[in-house]
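Reader: I would be grateful for a close look at the nonpolar core of this molecule and at the strands that accompany it. Please treat the subject in one connected account.

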Amino acid sequence: MYESESSSSANDFQQRVIDEFRANAGTVGGPFQGSSLLLLTTVGARTRRRHTTPLGYIDIDGKRLVVASAGGADRNPAWLHNLRAHPVVRVEVGSETYPATTAVLSGAVRDRFWDEVVRKHPGYGDYQQMTARVIPLVEIRPLPSRHGLDRVRGMGDFLQEVHQWLSAELDLVLAQVDAIIATADAITPMNLPPRTLHAQMLERCVVFCGALERHHMGEDFGAFPMVAEAFPALAPTLEQLRAEHVVVAEINASIRDLLEGYTPGASDPRELRVELHGLVVRLREHFAFEEHTILDALNAVADAPPSGNAPEPDSDSGE
Ligand SMILES: [Fe+2]
Ligand SMILES: [Fe+2]
């Protein structure tokens with residue numbers, strides 16, 4: 001009880017610092033008055049959600065460093081665990097936001113920079129005295145930004161557009177099921193349902209499932225190898241995403257089975273709606289996770305394909 005209250009008030013305090021930082025272009029008063037502060041947004045290793053943490057930073061010899069001191073606690077802070085799992089992060093400094101990769105320094109390099117950190121900020125030395133763990137130092141390396149490039153779209157932007165298109169297609173399939181539900185109530189054995197609705201739904205399913213398969217082929221054999229080559233530290237993230245693609249292929253097959261197995265007049269369209277919605281939620285979780293973890297890295301390594309417009313949802317499919 002005490003622990004959860006304590007952690008909730010720590011979260012409240014942290015949120016107030018984040019709000020003040022963003023409202024004042026990176027300036028925060030009180031205990032942080034005059035200190036160099038940044039906001040680090042990581043992707044939760046377990047939760048897969050984005051988490052933002054205010055941290056002091058130190059610039060030494062052109063390197064921007066943050067210290068995983070956790071106030072001298074015996075456990076590493078959660079953000080360190082997160083960036084070890086997914087090293088691409090978002091950084092806010094002043095009123096600027098930029099994507100970055102992170103690297104936990106080790107060995108003689110860590111020790112050399114540690115001495116310098118403690119020389120500049122002796123408080124970190126005090127934290128080190130409080131714990132047996134060797135306090136990690138993390139370097140933040142900005143990724144090339146697409147800002148200033150005449151808004152040239154990157155491969156990550158393209159990936160996001162395809163996700164949006166796929167997501168819009170899923171909305172249309174759900175809307176078609178809603179239309180089937182609306183007409184189903186009027187169905188009697190003598191009055192068979194309009195088969196066109198079911199046929200349209202199957203047609204859309206074939207388009208969607210094919211597009212998703214092609215998208216993941218493109219990621220597995222095109223986008224991911226490019227990211228892996230440029231950012232070897234992203235290997236565990238890419239491995240996780242590839243494993244997810246196997247699950248997504250199963251979800252894709254389930255959607256196809258579900259829609260093909262639906263028999264107008266005999267199946268319950270409400271059941272279909274519930275099952276379909278569950279699959280859609282899982283697919284969207286995959287899209288979001290992929291965008292959180294590799295979109296910025298993909299933007300850094302490649303432009304969008306020249307003919308790379310995401311397919312437009314059919315304009316005549318809203319009915
Ligand atoms: Fe994917
Ligand atoms: Fe994707």
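Predicted model: local features only at pLDDT ≥ 70, side-chain atom pairs only at ≥ 80, totals over all residues.

**The nonpolar core and the barrel**

Author: The chain contains 8 helices and 6 strands. Taken from the N terminus, the order of elements is α-β-β-β-α-β-β-α-α-β-α-α-α-α. Of the 319 residues in the chain, 24% are buried. Among contacts with a separation of 6 or more, 74% are made by residues 24 or more positions apart.

The largest nonpolar core has 33 residues. Those that touch the most other members are Val 138, Leu 159, Val 227, Leu 234, Ile 294, Ala 297 and Leu 298. Helix α8, spanning residues 269–301, gives the most to this core, with 5 residues. Residues of the core come from both domain 1 (2–142) and domain 2 (155–301), and the core therefore lies between these domains.

Leaving aside residues up to four places away in sequence, Leu 234 touches Pro 87, Val 88, Val 227, Ala 228, Ile 294 and Ala 297. Of these partners, Val 227, Ile 294 and Ala 297 are themselves listed with Leu 234 among the core residues that touch the most other members.

The strands may be considered next. They form a closed barrel of 6 strands in the order β1-β2-β3-β6-β5-β4, and the pairing is antiparallel. From one strand to the next, the twist averages 45 degrees.

The pairing can be followed in detail at the start of this order. Strand β1 (residues 37–43) pairs with strand β2 (residues 50–60) in the antiparallel sense over 7 bridges. Within this pair, Leu 39 has Pro 54 of β2 as its bridge partner, while Thr 42 stands opposite His 51 in β2. The hairpin of β1 and β2 has 6 residues between the strands, and there Arg 48 takes a positive phi near 65 degrees.

Strand β2 is also joined to strand β3 (residues 63–67) by 4 bridges, and these two strands run antiparallel. Here the bridge partner of Asp 59 is Arg 64 in β3. The hairpin of β2 and β3 has 2 residues between the strands, and Asp 61 takes a positive phi near 50 degrees in this hairpin.

Methods:
Residues numbered from 1 in each chain as written. Chains lettered and ligands numbered in written order. Core = buried A, V, L, I, M, F, W, Y, C linked by C-beta atoms within 7 Å. Buried ≥ 20, exposed ≤ 12 C-beta atoms within 10 Å, placed from the backbone. Domains from an automatic or database assignment. Contact = placed C-beta atoms within 7 Å. Pairing = 2+ DSSP bridges. Axes fitted to C-alpha atoms, helices over the stretch in contact; angles between N-to-C directions.
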